[in-house]
Amino acid sequence: MMQSTFLFNITKNKRISDHVEIALTFAQRSKGLLGRKGLEQNQSLWIHHCNSVHTFFMQFSIDVLYVNKDLQVTKIHRDLQPWRLSWGGFESHSCFEFQAHQLTHEIKIGDYLRVSA
């Protein structure tokens, strides 16, 4: 079972997500959001050890927030449609996935994030 926490943008002093599912195991990371019809408002999935994602076989579009080991935003990919690929770059260590159009434009590359219970 995945753990649940919230996501906070330290740089902007704003909560980004009220419910973060954390995918730690290989099986959780591999499945990601496959098989779901969408995510709730203010919900996200944090995939550890992941610097690229695909939306093959997905039924909805997503926003992807890539971060380094310090949880500093390294890349943002908004409205990634089904059947697409996204790469966060070599500096990305993990990513957060959201329902498309959930990420506000206040979030910028270089912002620092915090995950809290």
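Two residues are said to be in contact when heavy atoms of theirs lie within 4.5 Å. This is a predicted model, in which local features need pLDDT of at least 70 and side-chain atom pairs count only at pLDDT 80 or more, while totals for chains, interfaces and linings use all residues. Residues are numbered from 1 along each chain as its sequence is written, and side-chain values use heavy atoms, with hydrogens and water left out.

**View 1. The surroundings of F96.** Once its neighbours within four places in sequence are set aside, F96 is in contact with L7, V20, L45, W46, D63, V64, L65, V67, L71, L113 and V115.

**View 2. The largest nonpolar core.** A nonpolar core is a set of buried Ala, Val, Leu, Ile, Met, Phe, Trp, Tyr and Cys residues joined through side-chain atoms within 4.5 Å, where buried means under 20% relative accessible area with a 1.4 Å probe, protein chains only. The largest such core has 15 residues, and L65, F96 and L113 are those with the most contacts inside it. Two or more residues each come from β2 (14-23), β5 (62-67), β6 (73-80) and β8 (94-99), and β2 gives the largest share, three residues. These strands are DSSP runs (E, at least two residues), numbered from the N terminus.

View 3. The protein chain has one helix (a DSSP run of H or I, at least four residues) and nine strands, and 46% of its 117 residues count as buried.

Definitions and conventions. Buried < 20%, exposed > 50% of the residue type's maximum accessible area, 1.4 Å probe, protein only.
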